[in-house]
Amino acid sequence: GVAGEYFVMAELTRRGYVASLTSKNTKAIDLLVSDKNGKQLAAIQVKTCDNIKQQKWKMSSSVEKNDAANLYYVFVNMNDGAEPSYYVVPSKYVAYRVAQDYKDFLDTPAKNGEKHRETTMRTFAFVDEEEQMQYKDAWYLLGI
């Protein structure tokens, strides 16, 4: 996870933004980013996975409530050591999708036919490749 945060900070800096890591006790925000004048600001939560084939990011149930207008998730796939891929997704969409996917999970029987047990763990995965490509390198969504 920490590597993903540094990669995102480096990518934002490379693109001309001002990016800074928050302290580790900052809840739900890993990076603050702004334009060079400090007039536009966005908060970023970074989630990292390292498997090129299975792009799922682990999250907690709190994501369903973290939907501020200026909060974005940057999902990083470390691609098994190759160049990372970045997906910039607004928090409102992540909150909606994670809640919907969890509801679907609970409504679908487990392999043994019984109901799934409630959990605080969640995952985020793109619906399909088209959706994934919509958010790939979508830094413009930050509005900065």
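**Sheet, helices and pockets**

Student: In what order do the five strands of the open sheet stand?
Tutor: Residues are numbered from 1 along each chain as its sequence is written, and side-chain values use heavy atoms, with hydrogens and water left out. The model is predicted: local features need pLDDT of at least 70, side-chain atom pairs count only at pLDDT 80 or more, and totals for chains, interfaces and linings use all residues. Helices (H or I, at least four residues) and strands (E, at least two) are DSSP runs numbered from the N terminus, and two strands pair if DSSP finds at least two bridges between them. Pairing in this open sheet is mixed, and the order is β1-β2-β3-β5-β6.

Student: Which are the edge strands?
Tutor: An edge strand here pairs on one side only. Residues 18–21 form one and residues 85–90 the other. They are β1 and β6.

Student: What is the average twist from one strand to the next?
Tutor: Axes are lines fitted to C-alpha atoms, for helices over the stretch in contact, and angles run from 0 to 180 degrees between N-to-C directions. From strand to strand, the twist averages 30 degrees.

Student: What angle does the direction of helix α1 make with that of β1?
Tutor: Helix α1, residues 2–14, packs on the sheet. It is in contact (heavy atoms within 4.5 Å) with β1, β2 (31–34), β3, β5 and β6. Its direction and that of β1 make about 165 degrees.

Student: At what angle to β6 does helix α2 run?
Tutor: Helix α2 spans residues 91–107. It lies across β5 and β6. Its angle to β6 is about 90 degrees.

Student: Which residue is the bridge partner of Thr48 in β5?
Tutor: Strands β3 (residues 41–49) and β5 (residues 71–77) run parallel. Seven bridges join them. At Thr48, the partner is Val76.

Student: Which residue in β2 stands opposite Ser20?
Tutor: Strands of a sheet pair through backbone hydrogen bonds, either parallel or antiparallel. β1 and β2 take the antiparallel sense, over four bridges. Opposite Ser20 stands Leu32.

Student: Which residue in the hairpin of β2 and β3 takes a positive phi?
Tutor: β2 and β3 pair in the antiparallel sense over four bridges, with Val33 opposite Ala42. Six residues lie between the strands of this hairpin. The one with phi near 75 degrees is Gly38.

Student: How much space lies in the largest pocket?
Tutor: On a 1 Å grid over the protein atoms alone, a cavity is a set of points where a 1.4 Å probe fits but cannot get out; a pocket is an open set with protein on both sides within 12 Å along at least five of seven lines, and lining residues have an atom within 4 Å of a point. Points are joined across faces, edges and corners, and a volume is the space filled by probe spheres set on them. The lining includes Lys56, Tyr102, Phe105 and Arg122, and α2 and β7 (121–124) each supply at least two of its residues. The space comes to about 260 Å³.

Student: How many residues of the lining of the second largest pocket are charged?
Tutor: This pocket holds about 160 Å³, and β3 and β4 (57–60) each supply at least two lining residues. Ala, Val, Leu, Ile, Met, Phe, Trp, Tyr, Cys and Pro count as nonpolar, Asp, Glu, Lys and Arg as charged, and the others, Gly among them, as polar. The lining has four nonpolar and four polar residues, and the charged ones number two.

Student: Why does Ala28 count as partly exposed?
Tutor: Ala28 sits in the loop between β1 and β2 and is among the residues lining the second largest pocket. Its phi is positive, near 70 degrees, though it is not glycine. Buried means under 20% relative accessible area, exposed over 50%, and partly exposed in between (1.4 Å probe, protein chains only). Ala28 is partly exposed because its relative accessibility is 22%.

Student: What is the relative accessible area of Asp137?
Tutor: Asp137 belongs to the segment after α3 (129–135). It has a positive phi of about 55 degrees without being a glycine. It is partly exposed, at 35%.
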